[in-house]
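Subject: Structure handover

Hello,

Here is the structure we talked about. Please open it alongside this note, which goes through what turned up.

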Amino acid sequence: VFQMIRSGKVKNKAGKGRVGLSSSVQRAFQRWLNTASVGKLLSASIGNDPSLRDIFRMARPTPKDNVRRAMFGWLTDKEKEKWAPATEADLPAAILGLEAYRKAESAEAQLLIAGNLDSIRWDLLSDAAKGPAVWSMLARKMGPQALRMNINTLLRHGVFSEDAMIDLVADRLADESEIRRSKQFPYQYFSAYLYANEEVPQKIKAALQKAAEIACGNVPELPGPVVIGLDTSGSMGSPITGAHGN
């Protein structure tokens with residue numbers, strides 16, 4: 001919604017492209033920011049198009065209590081003096097735990113702290129992860145789509161140095177119930193198979209092949225005759241991931 005409004009494509013009553021929030025839309029954003037769970041706000045802080053700070057800047061929510069006041073200040077990187085009357089002690093336990101995890105100096109400390117961070121997404125923890133043991137913990141937190149997309153990353157961080165983790169990732173990749181629930185299509189698994197590093201264990205690659213077959217059941221059945229058109233334009237020379245480059 002925020003992207004659409006900022007794009008200027010949404011017309012106001014005068015027929016001009018709107019780039020700001022109307023009062024009603026602004027109130028809707030304010031309500032969401034004041035009622036969303038800590039986990040949802042932390043998830044929303046990932047990404048830059050738009051960034052959560054952009055949304056705060058335009059929505060201008062008034063925090064309903066000191067917990068929200070401290071949380072809003074932390075999410076927008078405000079100096080702690082500007083959180084007043086809230087202080088760092090008013091931050092939710094999940095954010096305090098995330099801060100402690102990021103500041104931890106050893107993998108052992110991170111693993112100990114992460115045990116109380118079940119509501120925190122794995123990609124909020126990955127930048128500070130120290131070593132294979134922590135990355136193995138992150139792999140267990142990943143959903144089926146994140147696992148598929150990060151096979152080479154897990155290899156690079158030493159997760160597949162243990163047979164137990166190879167078995168765990170392979171079993172989850174080929175888990176029929178997770179494939180059905182995630183609604184991923186066969187080409188997504190096939191693409192992951194094609195771009196898997198040569199050093200990725202064969203059991204992982206076999207799981208991707210099996211997953212691609214199971215995912216055929218996620219392709220919707222279309223009524224009536226189906227015509228398949230081949231796109232031979234220049235853009236088809238790019239990887240299916242959409243990434244461009246050398």
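Contact, or touching, here means heavy atoms within 4.5 Å. Keep that in mind for Ile 204, which touches Ile 151, Phe 160, Ile 166, Val 169, Ala 170 and Leu 173, leaving aside residues up to four places away in sequence.

Some ground rules. This is a predicted model, in which local features need pLDDT of at least 70 and side-chain atom pairs count only at pLDDT 80 or more, while totals for chains, interfaces and linings use all residues. Residues are numbered from 1 along each chain as its sequence is written, and side-chain values use heavy atoms, with hydrogens and water left out. Helices are DSSP runs (H or I, at least four residues), numbered from the N terminus. Buried means under 20% relative accessible area, exposed means over 50%, and partly exposed is in between (1.4 Å probe, protein chains only).

The core

A nonpolar core is a set of buried Ala, Val, Leu, Ile, Met, Phe, Trp, Tyr and Cys residues joined through side-chain atoms within 4.5 Å. The largest one has 63 residues, and Phe 160 and Ile 204 touch the most other members. Helix H14 (residues 202-215) gives the most to this core: 7 residues. In soluble globular proteins, nonpolar side chains tend to be buried together.

Helix H4

Which residues of helix H4 (residues 52-59) are buried? They are Leu 52, Ile 55, Phe 56 and Ala 59. These cover an arc of only 100 degrees around the axis, so they sit on the same side of H4. The arc is taken from the directions that run from the helix axis to the C-beta atoms. An α-helix has 3.6 residues a turn, so residues three or four places apart point the same way. The buried residues of H4 pack against helix H1 (2-6), helix H2 (23-35), helix H3 (38-44) and helix H5 (66-75).

Ser 136 lies in helix H8 (residues 132-141). Its relative accessible area is 6%, so Ser 136 is buried. Ser 136 touches Val 159 and Met 165, not counting residues up to four places away in sequence.

Pro 186 is in helix H13. Pro 186 counts as buried because its relative accessibility is 18%.

Backbone points to check

Arg 60 has a positive phi of about 50 degrees although it is not a glycine. At 62% relative accessibility, Arg 60 is exposed. Lys 183 also has a positive phi, near 60 degrees, and is a residue other than glycine. Lys 183 is in the loop between helix H12 (176-182) and helix H13 (186-195). Lys 183 is exposed, at 64% relative accessibility.

The peptide bond from Ala 84 to Pro 85 is cis, with omega near 5 degrees. Pro 85 is in the loop between H5 and helix H6 (93-103).

Salt bridges

A salt bridge is a side-chain nitrogen of Lys or Arg within 4 Å of a carboxyl oxygen of Asp or Glu. The structure holds 8. Among them:

- Asp 77 and Arg 53 meet at 2.8 Å, N to O. The pair links distant parts of the chain: Asp 77 in the loop between H5 and H6, Arg 53 in helix H4, 24 residues apart. Asp 77 is exposed, at 59%, whereas Arg 53 is partly exposed, at 36%.
- Asp 167 and Lys 203 meet at 2.7 Å, N to O. Asp 167 lies in helix H11 (residues 163-173) and Lys 203 in helix H14, so the pair ties together parts 36 residues apart in sequence.
- Glu 176 and Arg 180 have their closest N and O atoms 3.2 Å apart. Both lie in helix H12, 4 residues apart, about one turn of the helix.

Salt bridges that share partners also join Arg 172, Glu 178 and Arg 181 into one network.

Best wishes

Conventions: Helices (H or I, at least four residues) and strands (E, at least two) are DSSP runs, numbered from the N terminus.
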